Amino acid sequence: MQLSNHSAHRCAIAAAMLAGACMATQATAQTRLELINEYPATSITASADLQFADLVKKASAGGIVIETRQEKQNPYKGDAQVAAVIDGKTQMATLFGGVLGNKDTLFLLSSLPFAARDFKQARTLYECARPALEQRAQALGAHLLYVTPWPPSGIWSVQPLQSEADIKALKIRTYDATSKSVFERVGAQSVQMPYSALADKLAAGEVNAVLTSGDGGAGRNLWNHLPHFTAVSYSIPLSYTIINKKTWDELGAGDQAILSEAAKKVSATSWAGVEQRIEANYARMRENKMTLATQPSDSIMAALKRAGDEETQAWLKANPLSDKEAACLSAPGA
């Protein structure tokens with residue numbers, strides 16, 4: 001059938017309008033992703049998440065929006081966070097190594113007791129193990145985006161710690177199975193629990209000490225219950241930011257590149273700035289009348305390192321590593 005000039009003109013207008021509507025829809029299409037984190041906005045990991053979201057939004061010209069849900073806004077706690085990402089209930093999560101380590105013990109590698117004496121060693125250890133960690137994340141059903149290092153873990157306590165006997169008197173919250181066992185080896189009562197369960201235990205007097213960084217404790221105002229901090233530098237643990245594998249695969253190559261580049265920048269910034277946070281945390285702790293023991297007694301350190309060595313050997317026996325993974329523990333600089 002041949003259209004009249006008038007009809008053909010109207011069809012052309014309609015086609016142009018449809019094409020314009022399609023282009024407008026594409027232009028305004030927006031990918032929204034949720035990123036959960038159990039820690040407060042002032043923590044080093046939550047700050048990194050906010051930076052990540054901002055970088056992604058700018059790089060995508062608003063095409064990708066990451067909604068960060070931190071602390072009380074995060075509906076998932078502890079191990080439930082891992083399941084939420086893997087099952088697709090949320091798209092992304094920043095997970096403390098102790099939590100993700102409950103799913104795969106390789107994520108505990110960086111938090112083995114005294115495995116790294118400083119941030120240079122901690123970063124060398126992570127970079128060495130990263131290919132294996134990325135593969136393990138894939139096996140869980142996730143894609144590893146970036147890591148955020150924590151300041152060294154110390155002991156927040158009700159009473160000052162001056163000797164091995166003081167360590168044995170602790171009822172201490174620890175953050176993974178390894179740290180729980182280390183303090184039990186010393187003779188302390190130790191319980192592993194997520195931060196979300198800690199407040200009630202402190203208030204009830206069921207816990208009189210917490211193993212965490214100055215950063216983690218300051219973010220939770222632990223000085224209200226625990227006025228003493230002993231800087232034993234037990235470990236330099238990591239938090240891992242992961243995205244659901246199916247969600248990642250469904251993103252276009254361009255969007256994946258944007259997220260990957262933002263992740264690289266955030267991780268670099270976190271490693272570069274973590275040492276400055278130590279002094280900032282100490283300043284806040286002193287402002288809140290805390291007593292800081294930055295040079296713990298020899299007896300405390302000897303007891304913890306002895307227990308740490310024993311636990312590391314037991315952990316390696318129970319969680320055999322490949323030759324490449326094991327080599328990371330003795331890599332140059334680590």
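This is a predicted model: local features need pLDDT of at least 70, side-chain atom pairs count only at pLDDT 80 or more; totals for chains, interfaces and linings use all residues.

Residues are numbered from 1 along each chain as its sequence is written, and side-chain values use heavy atoms, with hydrogens and water left out.

Rings of Phe, Tyr and Trp (its six-membered ring) pair if their centres lie within 6.5 Å, and planes under 30 degrees apart count as stacked, over 60 as edge-to-face and the rest as tilted. By this rule there are 12 aromatic pairs.

Select F96 and Y175 first: the ring centres are 5.0 Å apart and the planes stand at 75°, so this pair is edge-to-face. F96 belongs to strand 3 (residues 92-96) and Y175 to the loop between strand 6 (171-174) and helix 7 (177-186), so the pair ties together parts 79 residues apart in sequence; helices (H or I, at least four residues) and strands (E, at least two) are DSSP runs, numbered from the N terminus. F96, at 8% relative accessibility, counts as buried, a term that means under 20% relative accessible area (1.4 Å probe, protein chains only), and Y175 is buried at 5%.

Next, select F183 and Y234, whose ring centres lie 6.3 Å apart with planes at 40°, so the pair is tilted. F183 sits in helix 7 and Y234 in the loop between strand 9 (228-230) and strand 10 (238-244), 51 residues apart, and both F183 and Y234 are buried.

Finally, select Y39, F96, F114, W150, Y175, F183 and Y234 together, which form one aromatic cluster.

How values were computed
Buried means under 20% relative accessible area, exposed over 50%, partly exposed in between (1.4 Å probe, protein chains only).
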